[in-house]
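Here's a quick walk through one protein chain, a few spots at a time. Have the structure open and follow along.

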Amino acid sequence: MSEVPATDERVDPAKTAAGTAPRFVPPRTVPLSRGLSTKLLLLTIVFVLLAEVLIFLPWIASYRVSWLKERLGTAAAVSIVLVQGDPASLSRAAQNDVLMAIGAKAIAVRDGGVSRLLVVAEMPPHVDEHIDIANVGMLSGMTGALDTLFFGGNRMLRVFGPVGESDKEFELIMPDRSLRKAMLIYSRNVAFVSLLISLFTAMLVYAAIDLIMIGPIRTMTRSMLSFSEAPDDPGRIIRPAERSDEIGVAERELSQMQERLQKMLSEQKHLADLGLAVSKINHDMRNILASAQLISDRLRQVRDPTVQAFAPKLLRALDRAVSYSEGVLAYGRTQEPPPSRRRIRLRQLVEDVQGLLDIEEGIEFVNAVELAFEVDADSDQLFRVLTNLCRNAVQAMAADQESALVRRLAVSAERLGSVSRIIVTDTGPGLPPKARENLFAAFRGSARSGGTGLGLAIAHELIRAHGGTVELVESVGGRTTFAVTIPDQPVRLDQARSGLRRPA
């Protein structure tokens, strides 16, 4: 199986050029020696060998006992022959041959509590270990086997116990040199077989897991690297496999994330294009509006009462038009200025909003704000928020041409402690599901065809800068309600104390 091509570790050139300590930049690809496949292969080999070591302990203990039983059985067969005959008739050479064939120094038999020494070459001065072959437990067998394997070779053993169904007990005095040699050969063979088993098992596990896990993970890694190079290319989005396991879920989530990211980047590009376009026309637009302001200033000199009534509203509309063009540019740059908060009379502000709206005949505007109601906010920004909400409501109701329909837009307000809540309600057709899902997202939250959705996005941003919220309370056929919540500015403790100490 091929790995992701390896690249060298890199150092950030910008940090080096600036004279600061170089910053390590991790490689975008993984070398073969550090890949998951190599680590998996090595870990499988280690784990299988570890399992073989755990199995080897009872194996080597059983082999030691079997080897001693075999020697004791051979000695028992010789002992039965000697017991039935005359052991003293054997010559010294014959006794040595018998003992050499078994690898022992002496053979004895115990019958009826009487012990007889049948064959002996030379009696050792002492015995290092006594082994009751019929009562060797698992733990003592493993301990004795390891002791013989690592420290044996120069010890004298006394092995005794019954053989078969005989009521006699046979005894064997022998050195452990041959036993240790046989155990070393057995251990070498077991180690060789274990290594082959571990390699074979590791290759099978590696092939299976590489096919099930490592391969798909490698595909997802390459897809992420490819997508990061050109996120606007739809061909770079991963095509998830039809799998129901965790890998399938990860591939589908990655594919959806890449699609969402690509859509978001496209929208951000639209915003950047909008900011660029507005920046190009902003200078000329302000010049045109400045000329209109100069002409409008002359209207104040006209003594006509009607002109005098509309001239201030026209000047305010032109001023706000200039701020709107700058506000759209600021939104494209995500640099909306912080609010300059003052206490304002909300009813007067709502009347200004009503005067700016192009409300056609048949649409009723109700200003239900009390005369004394005050709100702590930025006047221009709150004006923009209410204008956007009310304009959306007027445009939604204007699409209904049936004369019997009630078309009413009402603005009211209430105070809950230190929080002001402004409610904008209309009797329009309500927001479509797509608009409700993307309510405050630019270019996606528009409720009408051809809209940009910037109005609600700007309103949401402005009110959030006040520490408040804009929420859709209700939207059904015949009733849509938005609520703007603005908390009062917190009063600093030192200012409150200074105000209390101020003389009346």
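## A strand pair and its sheet

Start with Glu 129: its bridge partner in β6 is Leu 157. That bridge sits in a predicted model, so to speak, of a parallel pairing, with β5 and β6 (residues 156-162) joined over four bridges.

Zoom out and you get an open sheet of five strands, ordered β4-β3-β7-β6-β5, with mixed pairing. At the edges are β4 (114-120) and β5 (129-132), each of which pairs on one side only. From one strand to the next, the twist averages 20°.

## Two annotated stretches

The UniProt record, an unreviewed entry, puts the feature "transmembrane region" at residues 40-61 and 190-214. What does the model show there? Residues 40-61 come out as 100% helix and 0% strand, with the end C-alpha atoms 32 Å apart. For residues 190-214 the figures are 100% helix and 0% strand, and 32 Å between the end C-alpha atoms.

## Two helices side by side

Now for α9 (residues 379-398) and α11: they pack at an angle of about 150°, and their axes are 9 Å apart. The crossing of α9 and α11 is left-handed.

On the α9 side, the contact is made by Gln 381, Leu 382, Arg 384, Val 385, Asn 388, Leu 389 and Asn 392, while α11 brings in Gly 455, Leu 456, Ile 458, Ala 459, Leu 462 and Ile 463. Sort the residues of this contact by type and you get eight nonpolar, four polar and one charged.

## A histidine in a loop

Is His 466 buried or exposed? With a relative accessibility of 5%, His 466 counts as buried, because the cut-off for buried is under 20%. His 466 lies in the loop that runs between α11 (454-465) and β13 (469-476).

Setting aside residues up to four places away in sequence, His 466 touches Pro 339, Arg 341, Ala 377, Asp 378, Gln 381, Ile 486 and Pro 487.

## An alanine in a strand

Ala 410 belongs to strand β11 (residues 408-416). At 21% relative accessibility, Ala 410 counts as partly exposed, since buried would take a value under 20%.

Which residues does Ala 410 contact, leaving aside neighbours within four places in sequence? They are Val 366, Ile 423, Val 424 and Thr 425. As for Thr 427, 17 residues from Ala 410 along the chain, the two C-alpha atoms are separated by 9.1 Å.

Technical notes:
Residues are numbered from 1 along each chain as its sequence is written. This is a predicted model: local features need pLDDT of at least 70, side-chain atom pairs count only at pLDDT 80 or more; totals for chains, interfaces and linings use all residues. Side-chain values use heavy atoms; hydrogens and water are left out. Two strands pair if DSSP finds at least two bridges between them. Axes are lines fitted to C-alpha atoms, for helices over the stretch in contact, and angles run from 0 to 180 degrees between N-to-C directions. UniProt positions are given in the numbering used here, feature names are shortened, and annotations may be inferred rather than shown by experiment. Buried means under 20% relative accessible area, exposed over 50%, partly exposed in between (1.4 Å probe, protein chains only). Contact means heavy atoms within 4.5 Å. A crossing is left-handed if the near helix is turned anticlockwise from the far one by less than a right angle, and right-handed if clockwise. Ala, Val, Leu, Ile, Met, Phe, Trp, Tyr, Cys and Pro count as nonpolar, Asp, Glu, Lys and Arg as charged, and the others, Gly among them, as polar.
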